Every structure is written in structure tokens, then in C-alpha cells.
Protein chains: 2
Amino acid sequence: MEKEHIFKQYDAELNEIRTRLLEMGGKVEKMITDAMKALVDRDSDLARRIIAMDHEINHLEMDIDEKCLQVLARRQPAGRDLRFLTLALKIVTDLERIGDQCTSVAKRAVELNEEPPLKPYIDLPRMANWAGVMVKESLDAFVTGDEKLAIKVCRDDEFVDGLNDQIQRELLTFMIEDPTTISRALKISYISKYLERIADHATNVAEMVIFMIKGKDIRHTTPPTDPQ
Amino acid sequence: MEKEHIFKQYDAELNEIRTRLLEMGGKVEKMITDAMKALVDRDSDLARRIIAMDHEINHLEMDIDEKCLQVLARRQPAGRDLRFLTLALKIVTDLERIGDQCTSVAKRAVELNEEPPLKPYIDLPRMANWAGVMVKESLDAFVTGDEKLAIKVCRDDEFVDGLNDQIQRELLTFMIEDPTTISRALKISYISKYLERIADHATNVAEMVIFMIKGKDIRHTTPPTDPQ
């Protein structure tokens with residue numbers, strides 16, 4: 001009876017970590033969507049709210065870290081649970097850095113909103129959408145242990161890399177044809193890179209999930225993609 | 001006697017992780033120095049050797065990860081040792097990503113070596129030097145538990161950020177004055193950002209070290225710096 005009680009409490013603690021991670025993931029996904037909205041709608045107030053949200057994400061990271069450490073110390077887990085907890089520790093760091101990238105997008109959006117628009121944004125919102133879905137799916141794959149979904153995320157990263165390359169090339173032609181666009185084009189170029197890095201973080205998470213499930217490391221078995 | 005033997009073995013295991021982390025750090029520092037050398041000396045062969053080294057760094061990450069998991073599972077550490085091991089897991093990820101940034105510097109160096117030089121590199125080697133020292137000192141602070149050194153690393157990051165801003169502004173004037181420089185200036189701009197991100201990784205490590213020593217989280221207590 002006593003033992004059963006302890007097991008139930010342990011399960012509840014692991015579930016709590018799962019829930020908090022998904023909650024953090026949900027907030028980060030919303031930051032991606034909102035940052036793009038702030039850019040496309042030229043809404044600097046929204047951008048400033050995103051920048052302010054970064055602190056909340058940072059605190060979620062520290063909070064989840066602490067919870068993982070408590071469970072590790074109290075329950076001394078082994079096997080799958082140990083792998084789950086150590087990966088949770090790594091994954092929150094990726095989520096926190098995705099939050100950082102979103103605040104960077106928002107900062108560039110505020111700057112761009114002070115100048116006349118350079119061009120309509122078509123590929124950037126597509127990229128942001130893909131990156132957001134990748135973040136969501138990588139976390140879903142983590143909490144449900146869905147290997148197929150994790151593999152899908154890794155594959156989607158190539159598409160996002162391709163979109164980024166396309167955007168960089170297009171911006172380069174703008175800059176060469178009309179040097180007065182350089183400062184704005186550079187900011188858009190940075191935003192594209194921030195999004196590309198968000199997708200990279202999601203891919204890192206997905207690779208670690210595959211490792212957790214298979215107990216086999218697929219990280220770094222393919223040639224490294226180029227972090228821009 | 002038996003117990004003493006187990007303690008000795010446990011200590012040896014923790015020391016082995018410390019040694020491997022320093023070894024990985026040393027390789028990564030060399031990658032930073034060599035990547036800058038490949039750029040300044042226009043040495044594409046050296047750049048290609050750095051790109052090839054990335055695999056080695058990736059394997060070191062997986063190897064240290066596995067060692068940490070084994071100790072966690074076998075020894076069920078608590079307190080300081082638990083904090084050490086969970087931080088080691090996070091730190092190897094930062095080191096691996098520093099390796100990624102170095103290969104990116106090397107790739108841009110190969111591209112730049114195919115075109116006429118734009119300008120002598122003055123601030124970039126300085127930045128690379130600072131970033132390399134920050135990486136070294138953050139790891140030294142980790143293995144020796146030196147809080148003062150970790151605080152120094154966090155402070156040095158501001159200087160690197162300042163150097164990056166200066167480089168970006170200078171490159172912008174090049175691009176505006178002569179559009180034929182844009183493509184090369186962009187590549188140099190990326191390299192400056194890669195170095196700035198290496199310094200950010202070292203700062204992340206240093207912040208975690210302070211957390212380990214104080215048991216108090218100083219991460220994210222200052223306004224976030226802007227990852228470019």
C-alpha cells in the first residue's frame with residue numbers, strides 16, 4: 001500500500017514535468033506566431049510584449065530544471081525514467097533559446113516598423129509556421145515517445161533550411177540592386193536566420209527523442225547542417 | 001575496505017568526466033584558433049580540416065553524455081555530485097554547438113578565400129581570441145568550482161558583444177559605399193556573429209557554473225542579450 005503510494009507520487013512528479021514542458025513549449029510556439037504577426041502587421045506593441053515575455057520563459061526553464069533535479073535526487077531513477085529526466089534538462093535549454101530567438105525577431109520587427117516596408121513578407125511567415133510546427137511536434141514526440149513524429153521533424157528541417165537559403169538569395173539581390181535597402185534587408189536576413197535556428201533547436205530535440213526511444217544515438221550521424 | 005574501494009571508483013568516474021570535458025573543450029578552443037587562422041592566412045586546407053573535425057566533437061558529446069548517464073544510474077548521486085553531472089550534460093551540448101559554429105566560420109573562410117580580400121582582419125581575430133579564452137575559462141571554472149572566474153566570463157561577454165556591434169557597423173558602411181563588396185561583407189558579418197554566439201555559449205556555461213556553486217540561479221537575472 002505504502003509502496004503503491006510512492007509509485008503514484010513518482011508518476012505524478014514525472015507527469016508534472018511533462019506538463020510543464022508542454023506548457024513552456026506552448027508559450028514558445030505562441031511567441032513564434034506572435035513575433036511573425038508583429039512583423040507582418042507592423043505591430044510594435046505586440047513585439048514589445050514578446051520581448052517582455054522572455055523573462056517568463058527563463059523562469060520556466062529554471063523551474064523545470066529544479067523539478068528534474070529534485071526527482072533525480074529523491075527517486076534515483078534508472079533506465080527509461082533517467083533518460084527522460086536528463087533529456088528534459090537538455091530540452092528546456094533548447095526551448096529557452098528558442099524564446100531568445102523570438103525576442104530577437106521581435107526586436108528586429110520593432111526596428112523595421114520604424115522604416116518604410118521593403119517588400120511583402122511571403123516566405124518568412126511560411127518559415128515561422130514550419131518552425132512552430134516543428135517545435136510542437138518535437139515536444140509531442142518527446143512526451144508520447146513517438147519516434148515517427150521525431151523523424152518527421154528531422155526531415156522538415158531540410159525544408160526550412162531551403163526556405164532560408166531562398167530568402168537570403170532574394171535579399172542579396174535587393175541589396176545589390178539598391179543599396180538604400182541594405183539596412184532593412186540585413187534585418188530581414190537576421191530574422192530568417194533566427195527562424196532557421198528555431199527549427200534547428202526543434203531538430204536537436206527530435207534527435208534526442210529518437211535517442212531516448214531507441215537508446216541509440218542518431219545525433220550527428222548525418223553531415224552537420226550549417227548553423228547560419 | 002570494500003566501501004572505500006567503491007568511493008575511489010566513483011571519484012575516478014567523476015574525474016574521468018571532468019577530464020573528458022576539458023579534453024573536448026581543448027579541441028573546441030583549437031577549432032576557434034584554427035578557424036581564425038584559416039581565414040586570416042587564407043588557408044582553405046586548414047579550413048577543410050576544421051570542418052572534418054566536427055564529427056570528432058560530436059562523438060565526444062555522445063561519449064560524455066553516456067558516461068554521465070552511467071554514473072547517474074549506477075551511483076545515484078545527490079547534492080553537489082548530482083548538480084555536477086546534470087550540468088556536465090548541459091555543458092557538452094554547448095561545447096558541441098561551439099564546434100558547429102567553428103565549422104561555419106571555416107566554411108565561410110573557404111568561400112572568402114575564393115574571392116579577393118575585402119580588408120585586413122583586425123577585430124575578428126581579437127574577437128576569436130576573447131571567445132576562445134572565455135570557453136577555456138568557463139570550463140576551468142566548472143571543473144575547479146571557481147565562481148570568480150565564472151563571473152569574469154559573464155562580464156567579458158559584453159566586450160565581445162561590443163566588438164561584434166562595431167564590426168557589423170563597419171561592414172554596413174562597406175556595403176553601402178560599394179555594392180560589389182556586399183557578398184563578401186555578408187560572409188564576414190556571419191563570421192562575426194558565429195564568434196559572438198561562441199562567446200554566448202561560454203557565458204551560458206559560466207552562468208550554470210555559478211548556479212552549481214551557489215545553488216542559486218543567476219541565469220536570466222539580467223536583461224537578456226540579443227543573440228544575433
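A salt bridge is a side-chain nitrogen of Lys or Arg within 4 Å of a carboxyl oxygen of Asp or Glu. This is a predicted model, in which local features need pLDDT of at least 70 and side-chain atom pairs count only at pLDDT 80 or more, while totals for chains, interfaces and linings use all residues. Residues are numbered from 1 along each chain as its sequence is written, and side-chain values use heavy atoms, with hydrogens and water left out.

**Exercise 1.** State the extent of the interface between chain A and chain B.

*Solution.* Step 1: counting contacts (heavy atoms within 4.5 Å), 50 residues of chain A meet 49 residues of chain B. Step 2: the buried area (accessible area, 1.4 Å probe, lost on putting the two parts together and summed over both) is about 4400 Å². Carbon and sulfur atoms give 56% of this area.

**Exercise 2.** Determine how many salt bridges there are between chain A and chain B, and which elements of chain A supply the contacting side.

*Solution.* Step 1: the count between the two chains is 6 salt bridges. Step 2: A:Lys90 forms a salt bridge with B:Asp65, with 2.9 Å between the closest N and O atoms. Step 3: at least two residues of the side of chain A that touches chain B come from each of the helices (DSSP runs of H or I, at least four residues) H2 (44-75), H3 (79-113), H5 (147-177) and H6 (182-214) of chain A. Step 4: H3(A) gives the most, with 15 residues.

Definitions and conventions: Chains lettered and ligands numbered in written order.
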